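Please examine the sequence and the three-dimensional structure shown below. A report on selected features of the fold comes after them.

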Amino acid sequence: MSASNRKKLHQEQENVKTTQKLEREKQAKKEARKIKAMTIGFVAVVIVVVLAVAAGGFLNSGLLESHTTALTAGSHKLTPAEMKYFYTDYVNNFANNSSYSSMLNYIIDTSKPLDKQKYSDDQTWADYLMEGALNSAKDTYALYDEAQKNGYTLPEEQLQSIESSLNTVSQYASLYGYPNTGAYLKAIYGKGSSMDSYRNYLIINQTAASFANQHLTSLTYTDEDLRTKEAENFDAFSSYTFHAYNVATSNYLEAADSANPTDEEKAASREAAKKVADTIAANGTTEATFAKEVRNNCPENQAETYKEDDSTLQTNLLYSSLNDDIAQWLSDSSRKAGDTVVLPQGEEGAETSYNVILFVSSRDNSETPMVNVRHILIGTDDDTDAAAAKAKIEELKAQFEENPTEDNFATLANKNSTDTGSNTNGGLYENVNEGAMVAEFNEWIFDESRKAGDVGIVETEFGCHLIYFVEKCEQNYRDYLITTNLRNADYTAWHEALLEAYTTTSKFGMNFVDTGLILNPGQKS
């Protein structure tokens, strides 16, 4: 092989090596990029997983609920957890309100979350109830700030009451097997709640309520103020005793389908109801004959309701509590015992019922001073007959006489009385007007010889009572009613002005207030 050929072959071999090297480098780079991509992908997945776990832990930690702002109220910043206290308590109060509790199951599915149920076209039940909770928060903080501005602090006994409530929460936490009180509060109020924030919530609420009550009771009026108010409507502070019976036109529909009567059938039912009402009014001109006429003319399904002579009796009802037409008729200056009237209800020509009224008496409530009394009731029921109730009362009377002080009586009342209306405040009833209590009780406390410290045993239809006479009040019932009317009007004006000047603003943290409460979580839909 010539030198030139050898040179050429060598050159070609070198070119092949170079090409192979470049190819290997290219392949290596490709593999490197692949490995890098796989590594980046793996790392990304790991990061996502880590972030997801961290986010889940963060979201469940309660930090958002305890550190963001859901509402500003004046200078206060309420966290979602604090707003949840207001919301939960507002919902519970709504559900337990006697006006709604009996019909709650008809308006809300208590087995489903409130934020999944329509209240209106543009609101859920949660939205509607949250509006109430926001108003409650505004009202509470407006009063609290006004209390602070006026240097008002809670009395020691109210602070002790709050601590007692918190101790009860701790006891419930232990009773239901929660590891600590915070876990129990979280179960009730949600994430972010704590003993400290709940204590603060109770203190603010109690301060607001206590200060509001102090302001109300601090409003005083002269006798001239009372007489001026009285002159505006003398009858508004009077009471009336009368018999009343309502004759409903629906009871006289003869149509097979009474839900969709014809105009002729409606007219016939009105005529029949009016005839019954006129008969009772014409013949029932005494208390005994009125009751008899009602029994003789009422539908069969009402016979049991009106079997007693006093079943239609209304005693000492205030003018302000009556329908306008009834109040105006009763308060007529010419009215006398035995007068009767038939008052149609509803639009003329479309009456829905007729009220038959028999006038018995009226009183202007100025005759007798009110009284303050305490009592212990041992009620009669299936487990306690009249003899057993009296024996228990006599035993309590003997215990009282060992230390015959009002404080001792109050303690005995709280421990033993079955009267739920007074057995947490020492059996106390204040500003009792004549006729307000059951007859036997009323007769004892308004005996003219009654004096402070008197104690007596009285038996009534409710059981046996041990009564402690505290004192006669300075005001009669009429002046008390007028004073209350003036106070309420002035307090309302003050309160409305306070709220009008107070600012609350919903913030981003409202998104972390869990509104999806279920009123009855154990119930199946």
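## Basis of the report

The structure is a predicted model, in which local features need pLDDT of at least 70 and side-chain atom pairs count only at pLDDT 80 or more, while totals for chains, interfaces and linings use all residues. Residues are numbered from 1 along each chain as its sequence is written, and side-chain values use heavy atoms, with hydrogens and water left out.

## The chain as a whole

The chain contains 17 helices and 13 strands. Helices (H or I, at least four residues) and strands (E, at least two) are DSSP runs, numbered from the N terminus.

Of the 525 residues in the chain, 37% are buried. Here, buried means under 20% relative accessible area, exposed means over 50%, and partly exposed lies in between, with a 1.4 Å probe and protein chains only. A contact means heavy atoms within 4.5 Å. Among contacts between residues at least 6 apart in sequence, 69% join residues that are at least 24 apart.

## A sheet of four strands

Four strands form an open sheet in the order E6-E5-E8-E7, and their pairing is antiparallel. Strand E6 (313–318) and strand E7 (340–345) each have a single partner strand and stand at the edges, so one side of each has no neighbour in the sheet. From one strand to the next, the twist averages 35°. This angle is taken between axes, which are lines fitted to C-alpha atoms (for helices over the stretch in contact), and angles run from 0 to 180 degrees between N-to-C directions. In general, the strands of a sheet pair through backbone hydrogen bonds, either parallel or antiparallel.

Two strands count as paired if DSSP finds at least two bridges between them. Strand E5 (residues 239–248) is mostly covered, as eight of its 10 residues are buried. E5 pairs with E6 over four bridges in the antiparallel sense, and Phe-242 has Gln-314 in E6 as its bridge partner. E5 also pairs with E8 in the antiparallel sense, over 10 bridges; here Val-247 has Tyr-354 in E8 as its bridge partner. E7 and strand E8 (residues 353–363) run antiparallel and are joined by six bridges. In this pairing, Tyr-354 in E8 is the bridge partner of Pro-344.

How many residues of strand E9 (residues 369–379) are buried? The number is 10 of its 11 residues, and E9 is thus described as mostly covered.

E9 is joined to strand E12 (residues 463–476) by 10 bridges, and the two run antiparallel. Pro-369 has Asn-476 in E12 as its bridge partner. Three bridges join E9 to E10, again in an antiparallel arrangement, and Tyr-429 in E10 is the bridge partner of Val-373.

The axes of helix H10 (residues 223–232) and helix H17 (residues 477–500) come within 10 Å and cross at roughly 85°. H10 and H17 are therefore roughly perpendicular to each other. Angles of 65 to 115 degrees count as roughly perpendicular, those under 35 as roughly parallel, those over 145 as roughly antiparallel and the rest as oblique.

In H10, the residues Asp-225, Leu-226, Arg-227, Lys-229 and Glu-230 meet Arg-478, Asp-479, Ile-482, Thr-483, Asn-485 and Leu-486 in H17. By class, this contact has three nonpolar, two polar and six charged residues. Ala, Val, Leu, Ile, Met, Phe, Trp, Tyr, Cys and Pro count as nonpolar, Asp, Glu, Lys and Arg as charged, and the others, Gly among them, as polar.

## Individual residues

Asn-316 lies in strand E6 and has a positive phi of about 50°, although it is not a glycine. Asn-316 is partly exposed, with a relative accessible area of 22%. Asn-431, in strand E10 (residues 428–432), has a positive phi of about 55° and is likewise not a glycine. Asn-431 counts as partly exposed at 30% relative accessibility.

Asp-514 is found in the segment after strand E13 (504–506) and is partly exposed, with a relative accessible area of 47%. Apart from residues up to four places away in sequence, Asp-514 touches Lys-84 and Tyr-87. Its C-alpha atom is separated by 9.5 Å from that of Thr-88, although Asp-514 and Thr-88 are 426 residues apart along the chain.
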